Amino acid sequence: MIEARHLRVLRAVAATGSFSAAARELGCTQPAVSQQMKALEGSAGTPLLIRTGREMRLTQAGEALVRHAAGILAGLTAAEEEVAAIAGLRAGRVRLVSFPSGSSTLVPSALAALRAAHPGTRVSLVDAEPPRSVEMLREGDCDVALAFRYEGASAAEEWDDLVVHPLLADRLVGLVPEGHRLAKAESVAMGELADEPWIAGCPRCRRQLVEVCEGAGFVPRIDFATDDYPAVIGLVGAGLGVAVLPELAIESVRPKGARTVTVEPAVQREIVALTLPDLAQVPAVAATLDHLARAAER
């Protein structure tokens, strides 16, 4: 294998015409230059220099190697500088995927703080709900996945191979029309909503809603289902039904015509940032995780 340090010695010898002059230029001893040239010729498998008295000249193979050495060493220097920039957070890229209510609440402040602290770090954002977002992380399509899971979820072990950064507990709250009989109640038992028409959210949230309602002794009549949280809030505000939504979802939308109520028993989902073990060591990824955690504390 040809080493970069040997190429630097070869270029110095070619430029100065002798081992002693090359040693002076490189700041080392003549025996060290001679030793590295022997090692390079051993790696190349052919003579690179012809020694005639005090003079040295390159063989055809030596000329070819010197010609390529300039580009190789320049490329290596550029690579070293780029890696140093990434390691020092002067550059870097992070691909973030998040569920919509996280994208509208946690992500903006986290990315604004990250950009202020490390303006050379670029972050791209794509919306995806778990489990698709977790699949994207494992498939190499993103570096950080903002995801959630509900208490007692049977799929808790799905994340055992990932680095999990807990961010916050997001409680589900009830949403009823302003004129609803329970709009001013301090808390509402799920069973009190048994006869109401329901508006459901994303597929995972929909399954959770059914499980909670069944636990309260009834099966919800779902009249509408949509992944769009503002649409859920709009449908409730128009008096078309009731819903339970995560607090994060309501935080990002003004619930016009609707009121939030505390529902019992309490149900919450765990909001986390996920990455792969190797990616967790990348400075830009670590900084992104740190700023997401800070955003969740506010």
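In helix α4, the residues G62, L65, V66, A69, L73 and A85 are buried, where buried means under 20% relative accessible area, exposed means over 50% and partly exposed lies in between, for a 1.4 Å probe and protein chains only. The model is a predicted one, in which local features need pLDDT of at least 70 and side-chain atom pairs count only at pLDDT 80 or more, while totals for chains, interfaces and linings use all residues. Residues are numbered from 1 along each chain as its sequence is written, and side-chain values use heavy atoms, with hydrogens and water left out.

The 28 residues of α4 (residues 60-87) should span 40 Å at 1.5 Å a residue, and the end C-alpha atoms of α4 are 40 Å apart, which agrees; the expected span is 1.5 Å times one less than the number of residues. At A69, one of the buried residues of α4, the helix bends by about 30°, the bend being the angle between axes fitted to the seven residues ending there and the seven starting there. The buried residues of α4 pack against α1 (4-16), α3 (30-44) and β2 (55-58), and contact here means heavy atoms within 4.5 Å. After α4 comes L89, whose phi is positive, near 60°.

One of the partners of α4, helix α3, holds E41. Is E41 buried or exposed? With a relative accessibility of 16%, E41 counts as buried, and, leaving aside residues up to four places away in sequence, E41 touches T46, P47, L48, L49 and R51.

An α-helix has 3.6 residues a turn, so residues three or four places apart point the same way. Just after α8, G239 takes a positive phi of about 80°.

The aromatic rings give another view. How many aromatic pairs does a search of the whole structure find? The search finds 2 aromatic pairs, where rings of Phe, Tyr and Trp (its six-membered ring) pair if their centres lie within 6.5 Å, and planes under 30 degrees apart count as stacked, over 60 as edge-to-face and the rest as tilted. The rings of F99 and F148 have centres 5.1 Å apart and planes at 85°, so this pair is edge-to-face. The pair links distant parts of the chain, because F99 lies in the loop between β3 (92-98) and α5 (100-117) and F148 lies in strand β5 (residues 144-150), 49 residues apart. F99 is buried at 1% relative accessibility, and F148 is buried with a relative accessible area of 0%. F148 and Y150 also form an edge-to-face pair, at 5.9 Å centre to centre and 80° between the planes, and the ring pairs link F99, F148 and Y150 into a cluster. Over the face of F148 lies R269, at 4.4 Å from the ring centre; a charge sits over a ring if NZ of Lys or CZ of Arg is within 6 Å of the ring centre and within 35 degrees of the ring normal.

Finally, Q268 has its place in strand β12 (residues 268-275) and is partly exposed, with a relative accessible area of 29%. Residues up to four places away in sequence not being counted, Q268 touches Y150, E151, A169, D170, R171 and L172.

Definitions and conventions. Helices (H or I, at least four residues) and strands (E, at least two) are DSSP runs, numbered from the N terminus.
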